[in-house]
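Thanks for passing this one along. Here are my notes, in the form of a few numbered points to read beside the model.

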Amino acid sequence: MTYNHEYWMAKALQLARKGLYSTHPNPRVGCVLVKDDELIGEGYHIRSGEGHAEVNAIANATQDVAGATAYVTLEPCSHQGKTPPCADALVKAGVARVVFGMQDPNPAVSGKGLTKLNKAGIDVIGPVLEAQCEALNPGFVKRMREGLPFIRVKLAMSVDGRTAMESGESQWITGAEARQDVQRLRAQSDAVITGIGTVLADNPSMTVRINEADQAIEAKRVRQPLRVVMDTALSIIPEAKILYPTKQACVFVLEDEVESEHLDVLQEKGVNVRFAPRGDDGRLDLLDAMEQLADAGINEVLVETGAELAGGFLQAGLVDEIVVYMAPKLLGSTARPMFQLPLDKMDEALNLELTSVRQVGQDLRLVYVPQYLEFEEDDSDLGEES
C-alpha cells in the first residue's frame, strides 16, 4: 500500500491549529489515525493538563485502532507529566506505524518516544512536513532549544511611520478589524509585555477581549496571557488595571531601585515581582528577564509598548518577529516614531525580511523578521522610561 504521508500530516496540522489559543505552555499537537487509507480517528491537544492529541484520537476512533497508522505533528512523549506518556498509549492501542512531523525539541526527552515505539515493534517514519510543524510552535521550539521565548513586537503606525501624536495620543490609529486581530495575537501569546511609561500614561488592562462574532477564537478555551510590566524603579501603582487579576500579572524591576514598602504592598496583593540585573544601558537587562520568563514556561511573548522599550528589544537582539498594522493616515513629522534606535549611518540600518502582507479592514498587516542586529554601542537609554 502506498501511503500519502504529506496529505495525512497536513490533516494533523489542521487539527493542531485548533489549539492555537489554548494549549500553552504545552505545544500545539494534532494526530490522525488512518487504516486502509481511510481516516478512522482524529484528535488534538486542547488544553494543558488534559488529554494529548494521540490519546484523544484513539478515544475518538470509529473502529479498532490495531494495525492503523498514526500521524502526529510532534514526536509522541515518553515521560510522565500531567498526563501519561503518549508513546505508551500508542503501543497499547496496537498501532502498526507512527509517522511524526518533528522530533521533540526538548533535549531531555528528544528521540526517547521514537525509541520506545521502535522497541515495541512499531515502524517509525519521519520527519514529515517538519518546517510546517516547527512553525506551528515557534515559542515552544525556541524555549527548548535556546532557553528563550519567541518574541513578537506589535506596532500600529500611520503610512508615514508614526505611532502616536507628539502629545502621546494614539487612539485609534487603526480600525476595529485590526484591533480585533491584535486580540488574536494576544490570545495565542503566553505573555504580553509593556513598559511602565505605557502603564502610567494609558493605564491599559492588556487582557484578551473576545468579540463573540470572531469565529477564530473560542472564548471558553482562551487563556489570558501573563501581563508583564518592565518597571525599572517599581513606579507602578497597586491600582493599575494591568495588575488585575494579580495572579496573571508580573512586574520586572531592578533590585537596587526598589522601596521595600512599595514592594511589600504589591506582593501582598499577589503580584509576581521579579528582579533583573542592570544592563549596559543602565536599564533592565531584557535578556535576563526573557530567560526568567522562559524558565517559567512562557513560549510566546507579545511586546506592546512605546518606541523606547521596543527599540531596546531590537537592540538586544531579542526580536523574532515584528507585526505592523499600517493605517491609511498621516500623523505628521512631529509624531512619535516606531522605535528609538541609535542609528546614524546607512550601513547601520537594520534589514528586515517581509514574510506576510494582508489587508485587515482598511489597514495593512505587515510581518517582518529582523535579518541582523548589529548596533554601535551607545550610552543612550533604550529601556522604557521609569
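Which residues of H6 are buried? That is taken up in the first point; please keep in mind throughout that this is a predicted model.

1. **Helix H6.** The buried residues here are Pro138, Gly139, Phe140, Val141, Lys142, Arg143 and Met144. Since seven of the nine residues in H6 (residues 138-146) are buried, the helix is largely enclosed by the rest of the structure.

2. **What lies over H6, and what follows.** The cover on its buried residues includes H5, strand S6 (150-158), helix H10 (286-295) and strand S12 (300-303). Just after H6 comes Gly147, with a positive phi of about 70°.

3. **The loop between S5 and H5.** H5 spans 130-136, and the loop that leads from strand S5 (123-125) to this helix holds Pro127. The peptide bond from Gly126 to Pro127 is cis, and its omega is near 5°. Leu129 sits in the loop between S5 and H5 too. Its phi is positive, near 55°, although Leu129 is not a glycine. If you check backbone torsions, these are entries to look up.

4. **Another cis proline.** His24 and Pro25 are also joined by a cis peptide bond, with omega about 15°. Pro25 belongs to the loop between H1 and strand S1 (30-35).

5. **The largest nonpolar core.** This core has 37 residues, and those touching the most other members are Met9, Cys31, Val32, Leu33, Ala70, Tyr71 and Val98. Helix H1 (residues 5-16) is the top contributor, giving six residues. A separate core of 35 residues lies apart from this one, and includes Leu148, Ala191, Cys250 and Leu284.

6. **Around Cys31.** What does Cys31 contact once neighbours within four places in sequence are set aside? Its partners are Ala12, Leu15, Gly41, Glu42, Gly43, Ala53, Glu54, Ala57, Ala70, Tyr71 and Val72.

7. **Asn203.** Here is one more positive phi in a residue other than glycine: for Asn203 the value is near 50°. The residue lies in the loop between helix H8 (196-202) and strand S9 (226-230). Is Asn203 buried, partly exposed or exposed? Its relative accessible area is 29%, so Asn203 counts as partly exposed, because that class runs between the 20% and 50% cut-offs.

Key: Residues numbered from 1 in each chain as written. Predicted model: local features only at pLDDT ≥ 70, side-chain atom pairs only at ≥ 80, totals over all residues. Heavy atoms only, no water. Core = buried A, V, L, I, M, F, W, Y, C linked by side-chain atoms within 4.5 Å. Buried < 20%, exposed > 50% of the residue type's maximum accessible area, 1.4 Å probe, protein only. Helix = DSSP H or I, 4+ residues; strand = E, 2+ residues; numbered from the N terminus. Contact = heavy atoms within 4.5 Å.
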